[in-house]
Amino acid sequence: MSETLFQLAFLATVPFWALMILAPTWGWSRRIIASPFIVLPTLVVWAVAIAPALGDFAREMLNPDLAGVKALLARDEVVAAVWAQVIAWDLFIGRWIYLDSRTRGLHPLLMAPVLVLTVLLSPIGLPVYFLLRLTKRPQPSAVHDAPAGEVVARVD
């Protein structure tokens, strides 16, 4: 069961990464990725994986120490849950990078490798994006690209 959940955690994010990387300018991509709820399927995997160890996990998180965390990580269900948490976090970071890059008008061919780097190694992908975003201010013409219901000030 833990192995299945471990695999499912990443598979639950693949459609969203595919939209951001392979179809970044498609109208539906922006609409779907604009929702912060895209991380929920992976968080459901986290909840199912952590359920058998929730009591032990909660006790350790309230007063963490290295030995206790190492002991928890020896359990397959905890590893699957932590993996799902990492994958959900990576997706949330990738979502922000995608949305921000669209607002700034950064070219999708430039952003594809940054998003791949983020899905593989978000602690490297995020600072790389921070450096890239220094080169472009948000584009006034990107107002039409705002998620539904979001109010964006137009700069003329």
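These notebook entries record what I looked up on cavities and on a surface patch.

**Entry 1: the model.** I worked with a predicted model, in which local features need pLDDT of at least 70, side-chain atom pairs count only at pLDDT 80 or more, and totals for chains, interfaces and linings use all residues. Residues are numbered from 1 along each chain as its sequence is written, and side-chain values use heavy atoms, without hydrogens and water.

**Entry 2: the cavity.** I searched the whole structure and found 1 cavity of 30 Å³ or more. A cavity is a set of points, on a 1 Å grid over the protein atoms alone, where a 1.4 Å probe fits but cannot get out; lining residues have an atom within 4 Å of a point. The largest cavity holds about 30 Å³ of space, a volume being the space filled by probe spheres set on the points, which are joined across faces, edges and corners. I listed its lining as Pro24, Tyr98, Ser101, Arg102, Leu106, Pro108, Met111 and Leu115. Helices α7 (76-104) and α8 (108-133) are the elements that give two or more residues to this lining; helices are DSSP runs (H or I, at least four residues), numbered from the N terminus.

**Entry 3: the patch.** I then noted a nonpolar patch on the surface, formed by Leu8, Phe10, Leu11, Val14, Trp83 and Val86, with about 470 Å² of accessible area together. Patch residues have over 30% relative accessible area and no salt bridge, and nonpolar side chains are joined within 5 Å. Accessible areas come from the Shrake-Rupley method with a 1.4 Å probe; a salt bridge is a side-chain nitrogen of Lys or Arg within 4 Å of a carboxyl oxygen of Asp or Glu. Helix α1 (2-11) and α7 each supply at least two patch residues, and α1 gives the most, with 3.

Key. On a 1 Å grid over the protein atoms alone, a cavity is a set of points where a 1.4 Å probe fits but cannot get out, and a pocket is an open set with protein on both sides within 12 Å along at least five of seven lines; lining residues have an atom within 4 Å of a point. Patches are made of residues with over 30% relative accessible area and no salt bridge: like charges are joined within 9 Å, nonpolar side chains (Val, Leu, Ile, Met, Phe, Trp, Tyr) within 5 Å.
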